[in-house]
Structures are given as structure tokens and as C-alpha cells.
Amino acid sequence: METPFAAPSLSGLGQERRLTARTRAKREASTISAELDQFDIAIVGAGHAGAQAAIALRGQGYEGRIGLIGDEPDLPYERPPLSKEYLAGEKPFERMLLRKESFWEERDIRLLPSTRIERVDARTHELFDAEGESIRYGKLIWAGGGEPRRMPCGSDAGLSGVHAIRTHADVQLLRKELAAADRIVVVGGGYIGLEAAAVLTRLGKHVTVVEAATRLLSRVCGAPISDFYERLHRAAGVEFRLNTMTDCLEGEDHHVRGVRLSCGESLPADLVIIGIGIVPSIEPLTAAGIDTANGVRVDAQCRTSDPDIFAIGDCALHVNAWADSAEIRLESVQNANDMAKVAAQVITGTPAHYDALPWFWSNQYDVKLQTAGLSMGYDDHVLRGSPDEGSFSMAYLKAGRIVALDAVNRPADFVQAQKLIRARASPSLAALADIEMPLKTLIPTS
Ligand SMILES: Cc1cc2nc3c(=O)[nH]c(=O)nc-3n(C[C@H](O)[C@H](O)[C@H](O)COP(=O)(O)OP(=O)(O)OC[C@H]3O[C@@H](n4cnc5c(N)ncnc54)[C@H](O)[C@@H]3O)c2cc1C
């Protein structure tokens with residue numbers, strides 16, 4: 001088993017680095033201080049991708065020292081419930097943990113929470129936190145995810161009542177402020193904004209969604225899906241301002257009171273939720289001279305321009321086999337998990353490359369949307385079933401080949417479409433539209 005960084009054993013040192021002050025005190029008192037923060041593999045970012053990388057490394061039988069460094073205070077947890085069951089108060093945070101605390105201890109994966117890496121020195125293989133303390137690594141896996149994009153119309157920082165939905169802390173604060181809020185403006189009609197709108201409407205709030213594009217979910221779905229979701233939300237009481245830009249946030253006594261739209265209208269708001277995407281968290285790698293653009297460029301092995309640094313998950317810019325080899329970032333649990341496994345295999349010497357078929361899901365009200373594949377650049381589409389019945393699918397084709405499918409309350413279509421897309425099948429539009437014909441029957445046999 002490859003152990004990329006040879007340094008004395010750290011066994012028995014536990015989790016001393018939880019608090020910087022505590023670490024400093026320990027270091028002063030310790031004669032083994034030089035050994036405190038050295039990892040054969042340091043993973044920066046303890047979200048889905050980072051946690052899965054650590055799990056996969058141990059799963060591969062890797063015995064070196066693994067440090068899982070994250071700036072959040074919590075144990076690694078799953079994010080999707082943040083805009084769904086957790087926001088609704090239906091799922092306790094403990095049930096969102098990716099693993100119990102004992103799991104990490106038993107596998108000797110050292111968690112370093114509340115630790116933000118500010119600088120990377122790729123030459124000396126060192127990471128530096130906000131206090132300038134260093135952590136040495138043999139190999140580095142960067143899994144920093146992304147930061148919520150801020151409103152382009154000026155700073156929202158000065159006002160309370162303005163929320164992102166990215167972290168446990170974000171939603172804890174949002175939930176605290178919900179009780180006193182009636183009117184909520186959601187900026188952004190993508191997955192997260194719409195999921196939040198569904199939950200908040202169900203909680204009895206008056207929700208208005210502002211979206212710059214002419215339709216909802218425009219980046220990820222075709223028009224029939226957008227129209228279906230618009231009708232679903234309107235029926236539940238959500239209001240929309242589509243094709244509308246925000247101008248600025250309005251506040252009073254340091255609290256947000258409204259959102260001014262570029263058309264001049266002011267939407268009153270007790271709370272504002274900003275759901276306009278993320279900016280990849282990659283600055284330390286960029287500053288270290290690693291090749292970055294709108295993400296950290298990685299090859300099919302999830303390796304960056306530095307052979308000892310890997311990048312995975314939301315922040316990894318890669319050539320995707322299912323996007324006509326376009327360079328993209330994927331923001332999904334599937335991508336985070338599958339990239340983590342590839343990086344772990346490559347580091348432990350098992351040949352692997354990333355070519356997993358992308359898939360996603362979104363829950364709004366009682367409707368589950370499941371997407372297989374990537375629809376970007378599609379030139380034809382066909383519906384299976386009728387949106388009016390609340391259960392239908394939309395297949396996307398490119399040059400006759402099925403490249404993606406959105407399944408709305410049709411889980412069997414989702415599962416079978418994955419096989420169809422992987423088989424690079426070219427079924428006829430008529431066959432795809434026939435709901436009596438299971439999609440699996442369209443998979444070529446040869
Ligand atoms: C509200 C919400 C709902 C979602 N719903 C779905 C869904 O239904 N289906 C789906 O497929 N996907 C969903 N996603 C997307 C999915 O959660 C992400 O794709 C996934 O979490 C990406 O994992 P990651 O590890 O790359 O990034 P993250 O999970 O964001 O983890 C990155 C971690 O790195 C930390 N970090 C960043 N920079 C540093 C640094 N310099 N030092 C230390 N730590 C750092 C961050 O704080 C964070 O904890 C959702 C995301 C959100 C926010």
C-alpha cells in the first residue's frame with residue numbers, strides 16, 4: 001500500500017487540533033510538536049466529497065495517516081436535507097451525519113473541524129490555517145466545495161435576515177428567524193430556491209421567488225419541466241417574478257425589509273434567501289499556482305496540475321464524458337462520491353478514471369424529480385406521460401441518441417434511463433413516448 005508521506009506515527013494524539021488555542025498550548029507543552037500535524041493524506045473540506053474520500057481510502061485498505069480538515073464545526077453531514085426535511089424541521093441534524101463520530105475514531109481518520117486552510121505551499125507540501133499554523137501533507141485532496149454566490153447588486157453583508165442555504169449553521173440561523181417572519185423573498189429559481197420555497201410555503205409563509213431567466217430551472221431542465229414546477233408552486237401559493245433582475249436589498253435598523261427589482265417594484269420581505277449558485281472554494285490552490293479556472297482543473301484521475309494534489313466534488317473542473325467532453329463542474333452528491341472513490345483508488349495504486357453517469361434529484365412538495373444524464377446541448381425531446389397527471393418523464397436527445405431524462409414521480413423511468421443512456425441508445429421518439437413500454441425494453445441487446 002502506498003504511503004506517500006513518511007513521518008513518525010501520530011497514534012494516540014487524538015483530535016488535539018480542534019481548537020487552535022488548545023493546539024498552541026499543547027504544542028508549547030509538547031516535545032513531539034513537530035509531529036502534530038503531518039498527514040500522509042490531508043483532505044481539505046469535510047463535506048460529501050472529502051468525507052467519502054477518507055472512507056474510500058480506508059475501504060481500499062489504506063493504512064497511512066489521514067487528516068480530514070474542514071472549516072465547519074460539525075461532523076461531516078449530508079447537505080441535501082438542508083433545503084428539504086431539515087429546513088422543514090422534519091429531520092434532526094443527527095440523522096444527517098454521514099457517519100457517527102465513532103466511525104472516524106475507529107478508522108483513525110483524524111477530524112480537524114473549525115479549521116480553515118488559507119494557504120497551500122505546494123513546494124514544501126504544507127497547508128496553513130488562519131493563524132498561520134502549518135499542516136504537512138504527502139498527498140493533498142482538495143474538496144472545498146463552494147461558497148454561496150452573493151447578490152450582484154451590492155453588499156448584503158450589512159443586513160440581518162439575508163440567508164444562504166449551504167451549511168448547517170446557515171439553516172440553524174434561518175430556522176431561528178423564521179418564527180418572526182411572514183413574507184419571504186427567494187432570489188433564484190433553481191433547485192435550492194424552489195425546494196426552500198416549497199418548504200416555507202408549507203410552513204404558512206408568503207413566498208415570492210425572483211428569477212432572472214424567463215423560466216424556472218432553466219439551466220438544468222427543459223421548458224415542460226419548468227412549466228410543471230411553476231404551476232405546482234403557484235397552486236401552493238408561491239408568487240413569481242420571472243425574467244426579473246434584482247436591483248438591491250432594502251433594509252431598516254440593519255434588518256432586511258425588502259428587495260428592489262430592476263423594474264422598480266419593491267417586494268416587502270421579513271427574510272430574504274439567496275439561492276443563485278456557488279463560487280468554487282479554490283483560492284488557496286489558485287494562489288499556489290495550481291491550474292484553476294471556474295474550478296480546479298483535474299484529469300480523469302482527479303489529479304490537478306500538481307501530481308501530489310487531487311481535487312474532487314463541487315470544486316473540480318473536469319472533462320465530462322457525458323457532456324460531449326466539455327469541461328464542467330458538477331454540483332451533486334453523485335459526483336462528490338464518485339470522484340472521491342476515483343481519487344482514493346488512484347492514490348492507493350488501483351487504476352481508475354472518472355466517467356460516472358451524472359444523476360441528481362430534487363424534492364418539492366410531494367414531487368420527486370430525478371435526473372439521469374446531462375441534457376446540455378440537446379436538440380430534441382419527448383414526453384412520456386402527461387404533466388397534468390403529476391407523473392411523467394422528459395427524455396432529451398442529441399443527434400438521435402438519448403442523453404438525459406428527467407423523471408417526475410416516475411422512479412422506474414429514472415433507473416431504466418440510466419441504463420439506456422449508458423448504452424448510448426438511439427430509441428425512436430415514438431417508443432420513448434409510449435408509457436406502456438418500459439424503457440429497459442429499448443436497451444440495445446448487442
Ligand atoms: C441546500 C442544498 C441542497 C442540495 N440538494 C441536493 C440534492 O438534492 N441532490 C444532489 O445530488 N445534490 C444536492 N446538493 C449538492 C450537494 O450537496 C453537493 O454537490 C455536495 O455537498 C458537494 O460535496 P463537496 O464535498 O464537493 O462540497 P461540500 O459538501 O460543500 O463540502 C465542502 C466543505 O469544504 C469546506 N471548505 C471550503 N474551503 C475550505 C478551506 N479553505 N478550508 C477548510 N474547509 C474548507 C466547506 O466549508 C465545506 O464544509 C445540495 C446542496 C445544498 C447546499
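Which element gives the largest share of the lining of the second largest pocket? That share, four residues, comes from helix H5.

## About the model

This is a predicted model, with local features needing pLDDT of at least 70 and side-chain atom pairs counting only at pLDDT 80 or more, while totals for chains, interfaces and linings use all residues. Residues are numbered from 1 along each chain as its sequence is written, and side-chain values use heavy atoms, leaving out hydrogens and water.

## The pocket

The second largest pocket has a volume of about 250 Å³. (On a 1 Å grid over the protein atoms alone, a pocket is an open set of points where a 1.4 Å probe fits, with protein on both sides within 12 Å along at least five of seven lines; lining residues have an atom within 4 Å of a point. The volume is the space filled by probe spheres set on the points, joined across faces, edges and corners.) Of its 14 lining residues, Lys84, Glu90, Val199, Arg202 and Tyr365 are the closest to the centre. Helix H5 (191-202) and strand E22 (359-364) each give two or more residues to the lining. (Helices, H or I of at least four residues, and strands, E of at least two, are DSSP runs numbered from the N terminus.)

## The core

Now for the largest nonpolar core, which has 78 residues. (Such a core is a set of buried Ala, Val, Leu, Ile, Met, Phe, Trp, Tyr and Cys residues joined through side-chain atoms within 4.5 Å; buried means under 20% relative accessible area with a 1.4 Å probe, protein chains only.) Helix H8 (residues 333-347) gives the largest share, eight residues.

Notes: Buried means under 20% relative accessible area, exposed over 50%, partly exposed in between (1.4 Å probe, protein chains only).
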